[in-house]
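Please read them alongside the structure shown here.

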Amino acid sequence: RAAPPIVPAPAAAFGERLLLIVLYVTVLASSVAFIEPSPHDGLMGVLTLACLIAGVRFERHLALFILLLLIWNVAGLLSLLNVPGQEQTVQYVGTSLYLAVAAVLFAALFAHNTMPRIVTVRAAYILTATVISLAGLAGYFSLFPHAHDLFATYDRALGGFKDPNVFGPFLIWPALVVLERMLARRVRLTDVLIVGILLFGLLLSFSRGAWFHFAVSCMVMMMIAFVTADTDRERMRIIALGAIAIATMAAFIVIALSFDSVAKMFEERAQLIQSYDVGSGGRFVLQEQALTALLNFPNGMGPFGFSSAHGGAQQHNVYLQAFLVYGWAGGIAYITLLAATLLTALRTVFVRTPWQPYLICAVAAFIGEMLEGFVIDTDHWRHFFLLLGMIWGLAAATMHYRRGRHDPLPAGRLSHVGA
């Protein structure tokens, strides 16, 4: 005799619906980052409460993740001893702690009831990235009064961010999700429009690091999608559509360069070496000095310690930043965290699950952002910690799935994966 279906308790169903609503609004607000604290930061507190109501729990698969984040942040707190009595430095360490907690919260979220939650994040992230890209385009081309001042300062699109070098990378995960869907499943006109808007916004950010990040992440995404494809026909589809996509993007760039303002800025930003990279106060010299400093300060220099010692200049390398601010213990913990995240991702990304496409895109975006970290400080990028939490949470869900202990999917869910 068949067992009766398990019907969730009304309280549990309400808690989950509430969680999905709050999660959607929180991610939707993540593109508004030109003020501190941002609306997203306040909503994270509401999301935490929603997680408690929905019964979100932590599990042993996240133990290493939590431990490494804890060591990194304890080292950050100890680094304040090097710069006592400064409100700005306390705020810096507080931000690190908040982002670590947010990453753990996202990881716990995605470990269970995975598909409804990751689909909610996908929908909200793609929408907010598209809207903020349109805002960046409106600002760059001054489509309405004051748009340029609001959304394209320094003649570079920045959407709702304070820095175009953060705006560009923010667009990459949603762009990869839509591109992966087009390559592996079907091409829809709405997807073509969304990708066009996101990539135009990325282009007009004129961030060399973001361009490199997208190129690497896109290549990694296509390689993993190719390897994980079920049939040779699907692999040929990925190759064919990938070639078409590359040709289309090249044509798109040529068309964009027909605008004089775009062509002029592109010519300037496309140069491999900029004036601020070389010279006595240039990026490369500062990175050499940072290497010497981290050897001389095993306990770190504290937040902004290196910058204060060099007239406000930054070394623009997150790995050097980890050692300079958090000391050797914090720096080692941070690098170990990234290495453990990568190894965890590679252990699980090739396992066939309903959420595999999202994990593929998260891993691809994470690898690109790791490499971009050599030329910019990414340790306080909110979307980077979302990626961290996403990878660990989806990896935990995959381990449950592989062992047959996954949450049951609603009828028809598998047929709509990636829809």
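1. A salt bridge is taken here as a side-chain nitrogen of Lys or Arg within 4 Å of a carboxyl oxygen of Asp or Glu, and a search of the whole structure with that criterion finds seven of them. Side chains of opposite charge can pair when their charged atoms come close.

2. This is a predicted model, in which local features need pLDDT of at least 70 and side-chain atom pairs count only at pLDDT 80 or more, while totals for chains, interfaces and linings use all residues. Residues are numbered from 1 along each chain as its sequence is written, and side-chain values use heavy atoms, with hydrogens and water left out.

3. On confidence, the pLDDT (the predictor's confidence in each residue, from 0 to 100) averages 86 over the chain, and 90% of the residues score at least 70. Where pLDDT is low, the predicted coordinates should not be read in detail.

4. As to the overall fold, the secondary structure comes to 17 helices and zero strands, where helices (H or I, at least four residues) and strands (E, at least two) are DSSP runs numbered from the N terminus. Of the 419 residues in the chain, 53% are buried, with buried meaning under 20% relative accessible area, exposed over 50%, and partly exposed in between (1.4 Å probe, protein chains only). Among contacts between residues at least 6 apart in sequence, 76% join residues at least 24 apart.

5. Which partner does glutamate 16 have in its salt bridge? The partner is arginine 117, with the closest N and O atoms 2.8 Å apart. Glutamate 16 lies in helix 1 (residues 10–28) and arginine 117 in helix 5 (residues 114–140), so the pair ties together parts that are 101 residues apart in sequence. Glutamate 16 is buried at a relative accessible area of 15%, and arginine 117 is also buried, at 5%.

6. Aspartate 230 and arginine 352 meet through their side chains in another salt bridge, at 2.6 Å from N to O. This pair links distant parts of the chain, 122 residues apart, since aspartate 230 sits in the loop between helix 10 (208–228) and helix 11 (232–256) and arginine 352 in the loop between helix 15 (318–348) and helix 16. Here aspartate 230 is exposed at 53% relative accessibility, whereas arginine 352 is partly exposed at 44%. Salt bridges that share partners also join Arg181, Arg188 and Asp191 into one network.

7. Glutamate 180 and arginine 185 form a salt bridge at 2.4 Å from N to O; glutamate 180 is buried, with a relative accessible area of 5%, and arginine 185 is partly exposed, at 29%.

8. Finally, helix 5 packs against helix 9 (residues 189–204) at an angle of about 50 degrees, with the axes 9 Å apart. The residues that meet include Ile126, Ala129 and Leu137 in helix 5, and Ile194, Leu198 and Phe200 in helix 9.

Conventions:
Axes fitted to C-alpha atoms, helices over the stretch in contact; angles between N-to-C directions. Contact = heavy atoms within 4.5 Å.
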